[in-house]
Amino acid sequence: MNAPEYGVGHAENVAMKYMHGLRWSSAVISLVVLYGLELPKLLANWDSYRPVQVQVLVMAVLTIVPVLGAFDRVLRHWRWPLIAIVLVASVVATLTVAPVDRLGTAHWSGGVVGWPLVLLALDRHASLFAGLLAAHYLPAFALAIFDGPADVTFAGAVNTTVITSAFQVAVILFANALRRVALFVAQVAREEEQVRTGEAVADQLHADRKDRYAALGETTAPLLAGLASGALDPGDESVRRVCAIEAARMRRLFGDASVGPDPLVDELMACVGLAERNGVSVRFSERGDRPSVPMAMRRLLTEPAVAVLATARGDVRLTVVGAGEEVTVSVVAEAVPYAVPTVDNEEITTSTVVTGDRLWVQATWRGRG
């Protein structure tokens, strides 16, 4: 996953946490309004419903839906079925109220249905909630107009509806604003984290470069100084051999600076490229799964192979083998045996076999475990 995608996902997670808290708050408000304000109206107007059992069923529906809708998983999969259930319950409750009471106190569901809809549309645009409110209120007003008369004036009913809806719309607008703020804050935090990570990576790369330059300073710098001062003769075979080895080491360090998935192979392939330019044919193979080798151990592990590749003639066979927690680098070539350095480390073992003009060098890293 690239960084921008991850940043957006992180921001979305923060916003979802805010929405989760608001959703549970909305569920509590819905139940408090239902039982604290609307249940007394239902009980006080028991004779206004035909049949009254429908009103009891609607009360049960408006109790269950907020509880279910407060759970993220339920809302994710059942949002629209729950919205449909609430709207059906609204219409059924309206139809079973006596015509004269459809805009009055007996129509208790008119003031509470909006709260489950707030819960179900909390993380959606305010226009969706406005449409759901219209689908809830329009049947009651339509029935009051065409199936009246009602005891409450139309203007009075509209006034009550606007007051009730204003609180619900305010919650939706607040939720939308809070979600945008949460996304912005989380994104800013993520960008700051990326900056800090980038600085840490840059510091580490700088430290690695200093280590590589220090490694070159121990071997390459004296060689160059000797060549520049005339103390070393470029025509001497041993000097040319040392130059070839140092060139291979430099190529290995360039490979060590890469960000590839397998630094060990990158370093060896850098040396292989140098050997091939010198007319050597290299057959490379790798087998088995191997653990990641620390950089310091990687340099020691490849040191014999680097020396052989730098001084080899003809054909070379280079192999990297992984076996459990071990990594072995093996090279077979026609090369000078005394040019192969000795690796002195408790984690690495080396062996050298000379058969005629062929040299077989093997280095194995076993780690500390």
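Q: How many helices and strands does the secondary structure of the protein chain come to?
A: This is a predicted model. From the N terminus on, its elements run α-α-α-α-α-α-α-α-β-α-β-β-β-β. The total for the protein chain is nine helices and five strands.

Q: What share of the residues in the protein chain is buried?
A: Buried means under 20% relative accessible area. The protein chain has 369 residues, and the buried ones make up 40%.

Q: What is the order of the strands in the open sheet?
A: The sheet is open, has five strands and shows mixed pairing. Strand S1 (281-287) and strand S4 (348-355) each have a single partner strand, so they stand at the edges. Neighbouring strands are turned by 10 degrees against each other on average, direction ignored. The order is S1-S2-S3-S5-S4.

Q: Over how many bridges do strand S3 and strand S5 pair?
A: Strand S3 covers residues 326-334 and strand S5 covers residues 358-365. Thr-328 stands opposite Thr-364 in S5. The two strands pair in the antiparallel sense, over seven bridges.

Q: Which residue in the turn of the S4 and S5 hairpin has a positive phi?
A: S4 and S5 pair in the antiparallel sense over eight bridges. Ile-348 has Trp-365 as its bridge partner in S5. Two residues lie between the strands of this hairpin. The one in the turn with a positive phi, about 65 degrees, is Gly-356.

Q: Why is the pair of Trp-24 and Phe-71 given the name it has, and what is that name?
A: The structure holds one aromatic pair. The ring centres of Trp-24 and Phe-71 are 5.1 Å apart, and their planes stand at 80 degrees. Planes over 60 degrees apart count as edge-to-face. The pair of Trp-24 and Phe-71 is therefore edge-to-face.

Q: How many residues apart in sequence are the parts that Trp-24 and Phe-71 tie together?
A: Trp-24 lies in helix H1 (residues 3-44). Phe-71 lies in the loop between helix H2 (52-69) and helix H3 (72-95). The pair therefore ties together parts whose separation in sequence is 47 residues.

Q: What accessible area do Trp-24, Val-67 and Phe-71 have together?
A: Trp-24 is partly exposed, at 33% relative accessibility. Phe-71 is partly exposed as well, at 41%. With Val-67 they form a nonpolar patch on the surface, and together their accessible area is about 260 Å².

Q: Which residues are linked in a network of salt bridges?
A: Side chains of opposite charge can pair when their charged atoms come close. Asp-123 meets Arg-124 in a salt bridge (3.5 Å, N to O). The network links Arg-23, Asp-72, Arg-79, Asp-123 and Arg-124.

Q: Which strands hold Arg-313 and Glu-334?
A: The side chains of Arg-313 and Glu-334 meet in a salt bridge (3.6 Å, N to O). Arg-313 is partly exposed, at 43% relative accessible area. Glu-334 is partly exposed too, at 23%. Arg-313 lies in strand S2 (residues 313-323) and Glu-334 in strand S3.

Terms used
Residues are numbered from 1 along each chain as its sequence is written. This is a predicted model: local features need pLDDT of at least 70, side-chain atom pairs count only at pLDDT 80 or more; totals for chains, interfaces and linings use all residues. Side-chain values use heavy atoms; hydrogens and water are left out. Rings of Phe, Tyr and Trp (its six-membered ring) pair if their centres lie within 6.5 Å; planes under 30 degrees apart count as stacked, over 60 as edge-to-face and the rest as tilted. Helices (H or I, at least four residues) and strands (E, at least two) are DSSP runs, numbered from the N terminus. Buried means under 20% relative accessible area, exposed over 50%, partly exposed in between (1.4 Å probe, protein chains only). Patches are made of residues with over 30% relative accessible area and no salt bridge: like charges are joined within 9 Å, nonpolar side chains (Val, Leu, Ile, Met, Phe, Trp, Tyr) within 5 Å. Accessible areas come from the Shrake-Rupley method with a 1.4 Å probe; for residues, only the protein chains shown count as cover. A salt bridge is a side-chain nitrogen of Lys or Arg within 4 Å of a carboxyl oxygen of Asp or Glu. Two strands pair if DSSP finds at least two bridges between them. Axes are lines fitted to C-alpha atoms, for helices over the stretch in contact, and angles run from 0 to 180 degrees between N-to-C directions.
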